[in-house]
Amino acid sequence: MAETDRLTGSTEWIDLEFVERERTPRETIEKGIRHHLAGLSLSNTVVWLEDLGVERSRTAIHNWVQKADLQPAGGESPDRVAVDQKAIRINNEQYWLYAAVDPETNRILHSRLFPTYTIPIGRELLAELAEKHDVDDALFLVDDDDDLKGALRRENLRFRVEIHGFRNAVERVFREIQRRTSSFLNCFSHVDPPTAETWLQAHAVWWNYA
């Protein structure tokens, strides 16, 4: 995805109920959030806003993303679901980001951050996914990790171990997250896991609409 593509486009997917309490125009907040989620660091987003004649701090922009509370929408009925987990570091501690992706559309259906990966955690993720989407008849695509296979067996959901093919959809999502977080090493420093998870879910919404 070209940088210009990431930094342009609609902001209609950003619903800001807190705007009435902000002194910054709604359109400016929406575009600031989109630019930050798309690739600009907080510092560079500050500079971008200054070019528009708006002076806001890094903390203000961070708070916009947190207050917006963006999460992937529900209501999908995918034929296949690619599921995987990836290690994410927060304040030098390792957490695990789980993501479920529709490989037909590349849209992120659900994502969560957990302190470890186990079969019970996999079942929790699948239960949350089933609350948001119709996945009872979907074929789940996983790698050979036991946590997700065990969770799918216990939830009586169909799955297939697939290293490449359609499962590449979730790998593309993780590569983009890795690109985004590795570009700005302080992205998940000095924040608690729920704050990092809010940012990751907001990034998932941006990914679905970019």
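The pLDDT is the predictor's confidence in each residue, on a scale from 0 to 100. The structure shown is a predicted model.

**Exercise 1. Confidence**

State the mean pLDDT of the protein, and determine which elements have the lowest and the highest mean pLDDT.

*Solution.* 
1. The protein has a mean pLDDT of 84, and 85% of its residues reach 70 or more.
2. Among the elements, the lowest mean pLDDT, 46, belongs to helix α1 (residues 3–6), and the highest, 96, to helix α5 (residues 119–132).
3. In residues 1–7 the pLDDT is below 50; this stretch has twelve contacts in the model beyond near neighbours in sequence.
4. Residues 183–187 also have a pLDDT below 50, with six contacts beyond near neighbours in sequence.
5. Where pLDDT is low, the predicted coordinates should not be read in detail.

**Exercise 2. Helix α6**

Identify the buried residues of helix α6 (residues 146–154) and the elements against which they pack.

*Solution.* 
1. The buried residues of helix α6 are Asp-147, Leu-148, Lys-149, Gly-150, Ala-151 and Leu-152.
2. After α6 comes Asn-156, whose phi is positive, near 55°.

**Exercise 3. Aromatic pairs**

Classify the geometry of each aromatic pair, locate its members, and decide whether each residue is buried or partly exposed.

*Solution.* 
1. The count comes to two aromatic pairs.
2. The ring centres of Trp-96 and Tyr-117 are 4.5 Å apart and their planes meet at 70°. Planes over 60 degrees apart count as edge-to-face, so this pair is edge-to-face.
3. Trp-96 belongs to strand β2, whereas Tyr-117 is in the loop between β3 (107–114) and α5; the pair therefore ties together parts that are 21 residues apart in sequence.
4. Buried means under 20% relative accessible area. Trp-96 counts as buried because its relative accessibility is 17%, whereas Tyr-117, at 39%, counts as partly exposed.
5. The pair of Tyr-98 and Phe-114 is edge-to-face, with 5.5 Å from centre to centre and 90° between the planes.
6. Tyr-98 is in strand β2 and Phe-114 in strand β3, so this pair links parts that are 16 residues apart in sequence.
7. Tyr-98, at 0% relative accessibility, counts as buried, and Phe-114, at 4%, counts as buried too.

**Exercise 4. A charge over a ring**

Over which ring does the charged end of Arg-107 sit?

*Solution.* The charged end of Arg-107 sits over the ring of Tyr-209, at 5.3 Å from the ring centre.

Methods. Residues are numbered from 1 along each chain as its sequence is written. This is a predicted model: local features need pLDDT of at least 70, side-chain atom pairs count only at pLDDT 80 or more; totals for chains, interfaces and linings use all residues. Side-chain values use heavy atoms; hydrogens and water are left out. Helices (H or I, at least four residues) and strands (E, at least two) are DSSP runs, numbered from the N terminus. Contact means heavy atoms within 4.5 Å. Buried means under 20% relative accessible area, exposed over 50%, partly exposed in between (1.4 Å probe, protein chains only). Rings of Phe, Tyr and Trp (its six-membered ring) pair if their centres lie within 6.5 Å; planes under 30 degrees apart count as stacked, over 60 as edge-to-face and the rest as tilted. A charge sits over a ring if NZ of Lys or CZ of Arg is within 6 Å of the ring centre and within 35 degrees of the ring normal.
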